[in-house]
Amino acid sequence: MKEVLTPREIKNADYTSVLGEARDFVSRGLDRVHDHMEAVARNAPGRLSSYMQDLLTRRGKRIRSTFILLLAQTGGEFDLDRAARVCASVELVHLGSLIHDDIIDGSDLRRNEKTAHQKWGNHMAVLLGDYILAKSMEIIWGDPDSRIPLSISRASSRLIKAEVLEVERAGRLDLTLSEYHEIIAGKTAALF
């Protein structure tokens, strides 16, 4: 097992090493998050199942889940499965929004691989994104704290609002810094 960084080492560490240390600390939880997402993929209708499983092979950095799992362990009683469901919900919102974002932006590649709409066409990519977003809410709907699904739902709304603003303001050379921050706050920060 990797040695834990001291506060001085953390202060002088780069982003990658700090994130790696954090991911190592919550690795059991991250595995459980992936299990929840895999279950969604296995139960998806028709070809969406294999398409989603294909997307899940690209795990990404899982920054959001790492933060949530770290924070969940700072309180009283830690429920690993509950925290993993919350994380899976957030990761699914992120994944579904990326699929839709790639279609809107006409992006051909994400992380040097073909985007969903390039692989399977716009119709299937839209349906896949919709399915993933719907399942993200279903996973968390029964949480005993109603603020959690409400918070994830509100973050999803912020993502959509920011995407609308980005589309409406595309190509504007007079875009203010304030307008730019409003867009990125919704697209990047909403799920944090």
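**Exercise 1. The whole chain**

Among contacts in this predicted model between residues at least 6 apart in sequence, 66% join residues at least 24 apart. Work out how many helices and strands the chain has, and which pattern the chain follows along the sequence.

*Solution.* 
Step 1. Count the elements. The chain holds nine helices and two strands.
Step 2. Read along the sequence. The pattern is α-α-α-α-α-α-β-β-α-α-α.
Step 3. Along the principal axes, the C-alpha atoms fill a box of roughly 45 × 45 × 35 Å.
Step 4. Turn to burial. Of the 192 residues, 41% are buried.

**Exercise 2. Two residues**

Decide for Val93 and for Glu77: buried or exposed?

*Solution.* 
Step 1. Apply the cut-off. Buried means under 20% relative accessible area. Val93 has 1%, so Val93 is buried.
Step 2. List the neighbours. Leaving out residues up to four places away in sequence, Val93 touches Leu133, Ser136, Met137, Ile152, Ser156, Leu159 and Leu191.
Step 3. Compare sequence with space. Val93 and Lys135 lie 42 residues apart in sequence, and their C-alpha atoms are 8.8 Å apart.
Step 4. Exposed means over 50%. Glu77 has 81% relative accessibility, so Glu77 is exposed.
Step 5. Take one more distance. From Glu77 to Ile140 there are 63 residues in sequence and 19 Å in space, C-alpha to C-alpha.

**Exercise 3. Helix 2 and helix 5**

Find the angle at which helix 2 and helix 5 pack, and name the residues that meet.

*Solution.* 
Step 1. Recall what is needed. A pair of packed helices is described by the angle between their axes and the distance between the axes.
Step 2. Take the values. Helix 2 (residues 15–25) and helix 5 (residues 63–72) pack at about 55°, with axes 9 Å apart.
Step 3. Classify the angle. The two helices are therefore oblique to each other.
Step 4. Helix 2 passes helix 5 in a left-handed crossing.
Step 5. Name the residues. From helix 2 come Tyr15, Leu19, Ala22, Arg23 and Phe25; they meet Ile63, Thr66 and Leu70 of helix 5.
Step 6. Sort these residues. Six are nonpolar, one is polar and one is charged.
Step 7. Look at burial in helix 5. Ile63, Arg64, Ser65, Thr66 and Leu69 are buried there. Their cover includes helix 2, helix 3 (27–42), helix 6 and helix 9 (177–189).

**Exercise 4. Helix 6 and helix 8**

Say how helix 6 lies relative to helix 8, and which residues make the contact.

*Solution.* 
Step 1. Take the values. The axes of helix 6 and helix 8 (residues 147–169) come within 11 Å and cross at roughly 15°.
Step 2. Classify the angle. Angles under 35 degrees count as roughly parallel, so helix 6 is roughly parallel to helix 8.
Step 3. Helix 6 passes helix 8 in a right-handed crossing.
Step 4. Name the residues. Helix 6 contributes Arg82, Val86, Ser89, Val90, Val93, Ser97, Asp101, Ile104 and Asp105. Helix 8 contributes Ile148, Ile152, Ser156, Leu159, Glu163, Glu166 and Val167.
Step 5. Sort these residues. Eight are nonpolar, three are polar and five are charged.

Methods:
Residues numbered from 1 in each chain as written. Predicted model: local features only at pLDDT ≥ 70, side-chain atom pairs only at ≥ 80, totals over all residues. Heavy atoms only, no water. Buried < 20%, exposed > 50% of the residue type's maximum accessible area, 1.4 Å probe, protein only. Contact = heavy atoms within 4.5 Å. Axes fitted to C-alpha atoms, helices over the stretch in contact; angles between N-to-C directions. Helix = DSSP H or I, 4+ residues; strand = E, 2+ residues; numbered from the N terminus. Parallel < 35°, antiparallel > 145°, perpendicular 65-115°, else oblique. Left-handed = near helix turned anticlockwise from the far one by under 90°. Nonpolar A, V, L, I, M, F, W, Y, C, P; charged D, E, K, R; others polar.
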